[in-house]
Structure formats: C-alpha cells, structure tokens
Amino acid sequence: MDLYNRSLCYAKVGTSNVALAYSNRSACFFHMRMYDEALVDIELAKKANISDHLIPKLEHCEQESRTLRRIQKTPSKRPCQLSYESDDDFPCMVDVIKIKYNQELGRHLIATRNIPAGETILLEDSYVMAREDDRLVCHTCYRGNANFIACEHCPDAIFCSTYCKNTNPTHKWECDTFFEMVEIDMKFHIRAILIAIDTFANVADLMQFVDHTLLEDSQNLPTSMHNPLSKYHFFFKLQKSEPKSSEVLLDISTLYRSMIELPKIASVFNTLRKQRFLMHLVAHHFFVASNNSIGNDSNTTIANIHSLLSHSCAPNTATYAAGNQRFSITIRPIRKGQPLYMNYLHSIDDKPLNIRQAELKSGWGFTCKCENCVAGDKPINIKHMMTDPCTRFLLINYSIEENYPIVLETCLKLLKKYKNQRWTIEMQIVAGILARIYKQMFSF
Ligand SMILES: [Zn+2]
Ligand SMILES: [Zn+2]
Ligand SMILES: [Zn+2]
C-alpha cells in the first residue's frame, strides 16, 4: 500500500501511471477487506483513464467488492466522543473542566464536578504536528489507509480528501522544497512558523498582532478558541521555557537560516526589518515548543489545551494520540476542584524519585511535589494490584479484539477498586491498556 501511494506521488499527472497506482491500491484495499475504499479507488482508476487491458480485472474486483461488502459485518468502531457536553468557548474540552491560574501550577485545568475514571475529557486537534515520514499518511489529518490523492506539484504530499488538500495551512509553503528532507525537530519548528504566517493576510498583520499581544498580561489566555486567529493567540501565549544555555541561540539561528531558504518565505520576508522580526518570532516559538511539545523520535506535536495539563508522577488522566488528534481520559476519579494531571515522563518504567526529579528539573524546570514524590521511595505496604485476578485477566486478553469491551470494563473496575491506593507501576500499566483499548474501539 505504501509503495503504491509512493508511486502515485511520482506518477506524472495525466498519464496512465496514475490510474495504475489507483488500480493496484484498490487491490490492496480488497485484500484488507476495506471494500468501500476499494470501490472508491476503482472509480478513481477509471476516471484517470486506465489502460484497456486492465479494465476486465478492475471490473471483476468491483463486482467482488460489491458482493462482499453486502455480507460483511458492519465495523465495530464507534466515533470517539467527549463524555460530557463540550465547553462553549473551548469545544475540544468537556464543560466540567475549567482553565485556572495560581502561583504554584501556573495555568492549569481543574474539574468543576466529580468525574469518575474512564471518561473522555479532551479531544483536540494538534495545533502543530510533524512526523518522521509524513508521506504515508494524509498531510493534513494524518490518517492512514485512505483513498489518498497526491499533490500535483511535488512528490511529498498525499491527502485523504479534497477537503484536507484545500485546507492544509502549510503545504503551499512547503511544496516542492527541501522541507521533507529536514529532521523532525526542525520540521516541527518551521511548520509552527508557517501556521503563524498563514493565519494572517500578510506579514504586516502578523507583526502588528505580535506587537499587541506582547503588551498584554502574559498570564491572560484568549477566552475562546474557535478560529485560526484565537488558536494562534492561545499558542503564542503558552508558557515558554527559560533558555538553558547560549547554545540555544545557535539552534535558533540555524532554524532561521533554514526558514529563509524556503523561496516563498524569502519572498514575503523581503526587508531587513521583516527578517529581524522573523528571527525574534522563531526564538519565541522555539521556547514555547521546548516547554509544550509532546512526542517521541517519530512525531512531535503541540495541542493547545493539552499543554495546560499539569504534571504528576501519580496522574489522574492519560493522554494519547491518534492521527493528528490527542485525547485524554480520566484514569482515576477526580474530585470537584482538583487539578487534572498527566505524567510528563510518560514511560512505563518505575523510575526512582531522584531520577524523576532530575528529569523534570532539566526538562521543565520544576520540582515535583506530587503525592508519590512527597511520600518518597518508601515501599508501598498495600495489597499488590498485580496479584489481582482481574489484572491477570487483562494481561492475557488485552490484545484480543473480541474481548475489548470486557477488557475496558475490567480496567475501569481495577482503577475504581484501587482508587485510594498510591499510584504504582501496575496502575500505570492498567491505565495504558485502557487508553490503548479506547484507541482501538473508537475512530478519531
Ligand atoms: Zn486528511
Ligand atoms: Zn506539493
Ligand atoms: Zn512527582
């Protein structure tokens, strides 16, 4: 499938190679029992003038797909939804949480009523995202296995729909340049700037916005997030990290020099004043990203509201990604007024206190005072969740598709049963399974 998608990207527009890529891909969908997608590709192949000798094969596949689609069981995936009404001002979060500010946590999220474990409380599109290989998924929404169409001007972008093709905010700047060849971190930073530029009609408007925003109280966030401008405003005001050493200036300068090599960027930042502004903007974004990006070696992302989740080594929410969306579920009951916490160290290792503290200090510049850190590394003298028969059931069954509903129920039962226990690695594993099942059972 990936190779046929690649061939589609390289096929010259208007040639029979385009039709061949669609027709071969329809065969892949057929074997994957994705008959709707197979039929769409057959239609695309026909419209793209498939060679006559391939028509009988295509028609046979079409007939088979129609028959098999009729007898196929409907897929069990349900759309992922928030567990409560969505907030009027911030539609990606439920209306039972609120943004708050205090000295200790800075800006953070709190529950405005008791929320049980297992509820979906945030469902948010990433504001900026970069992936190691963008070329195998939709360039806009990052979904895979779709009826991709290719960019006509470069071999680097595919889109799952005309909608995604027309609404992508950055590809017009990246198209037919070196962009896809740079490493992921740089890709991420450049893309964040491109989104900023694309939000405004011209560079002068962007400069004016930045000038005004810098005069505002730094703690005040926009009161809603409905359009590209308010989303950028929110992103711009996320907590920045402190420069750790003068070496970051080298990173920022390298970033700036790479950006200005994009021909379209050079054409709009065409005066010394605009270029100096761009240097400062690159630096501002760099420090926002250092403090708020989540990711690993293959993808990096920032989702605005998710950036407000505070850290705890004994978290009450778990955050996961599917495509360009991030979602957060409660993994322990949260009382009214309690802050929402995720684990920034998000690994399943049982790290000792001093290692956790060192990682948090160097990564985010704070000393963790969560219940686990305050209790120190004293051994936990309580019944081990690992010996619970429910946990054993989970570990055997969590990957078996037909058992997903009962696995989900078991996870919730365990998290409820041990809700007053100190957070342990076992609970982290159960929470991880819970989120994994959510990802498998729901479509995003
Ligand atoms: Zn898409
Ligand atoms: Zn392109
Ligand atoms: Zn801690």
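Visitor: Hi! Which domains does the domain assignment of the chain give?

Guide: Hi! The chain is assigned domain 1 (2-71), domain 2 (79-124 + 303-443) and domain 3 (127-302); such bounds come from an automatic or database domain assignment. This is a predicted model, where local features need pLDDT of at least 70 and side-chain atom pairs pLDDT 80 or more, while totals for chains, interfaces and linings use all residues. Residues are numbered from 1 along each chain as its sequence is written, chains are lettered from A and ligands numbered from 1 in written order, and side-chain values use heavy atoms, without hydrogens or water.

Visitor: What separates the centres of domain 1 and domain 2?

Guide: Taken over C-alpha atoms, their centres are 43 Å apart.

Visitor: On to the metals. Which are the protein donors of the zinc ion (ligand 1)?

Guide: Cys 138, Cys 141, Cys 160 and Cys 164 each give an SG atom, 2.3 to 2.4 Å from the zinc ion (ligand 1). A donor here is an N, O or S atom within 2.8 Å of the metal (3.2 Å for Na, K and Ca), and sites may look incomplete because water is not among the atoms.

Visitor: Why is the arrangement around the zinc ion (ligand 1) tetrahedral?

Guide: Because the four donor atoms subtend angles of 104 to 116 degrees there, and four donors count as tetrahedral if all angles lie between 85 and 135 degrees.

Visitor: How are the donor residues of the zinc ion (ligand 1) spaced in sequence?

Guide: The pattern is C-x2-C-x18-C-x3-C. Within it, Cys 138 and Cys 160 link distant parts of the chain, 22 residues apart. Cys 138 is in the loop between β5 (128-131) and β6 (149-150), and Cys 160 in the loop between β7 (158-159) and α5 (162-167).

Visitor: Is Cys 138 buried or exposed?

Guide: Cys 138 is buried, at 0% relative accessible area. Cys 160, at 15%, counts as buried too. Buried means under 20% relative accessible area, exposed over 50%, and partly exposed in between (1.4 Å probe, protein chains only).

Visitor: And what coordinates the zinc ion (ligand 2)?

Guide: The zinc ion (ligand 2) has Cys 151 (SG), Cys 154 (SG), His 171 (NE2) and Cys 175 (SG), at 2.0 to 2.4 Å. With angles of 103 to 117 degrees, this arrangement is tetrahedral. The spacing reads C-x2-C-x16-H-x3-C.

Visitor: New topic: what volume does the second largest pocket have?

Guide: The second largest pocket has about 1,400 Å³. On a 1 Å grid over the protein atoms alone, a pocket is an open set of points with protein on both sides within 12 Å along at least five of seven lines, and lining residues have an atom within 4 Å of a point. Points are joined across faces, edges and corners, and the volume is the space filled by probe spheres set on them.

Visitor: Which residues lie nearest its centre?

Guide: Of the 44 lining residues of the second largest pocket, Asp 125, Ser 126, Thr 140, Cys 141 and Asn 324 lie nearest its centre. With four residues, α7 gives the most to this lining.

Visitor: Where does the second largest pocket lie?

Guide: Domain 2 and domain 3 both give residues to the lining, so the second largest pocket lies between them.

Note on methods:
Four donors count as tetrahedral if all angles lie between 85 and 135 degrees; four count as square planar and six as octahedral if opposite donors are over 155 degrees apart and all others between 65 and 115; anything else is irregular. Helices (H or I, at least four residues) and strands (E, at least two) are DSSP runs, numbered from the N terminus. On a 1 Å grid over the protein atoms alone, a cavity is a set of points where a 1.4 Å probe fits but cannot get out, and a pocket is an open set with protein on both sides within 12 Å along at least five of seven lines; lining residues have an atom within 4 Å of a point.
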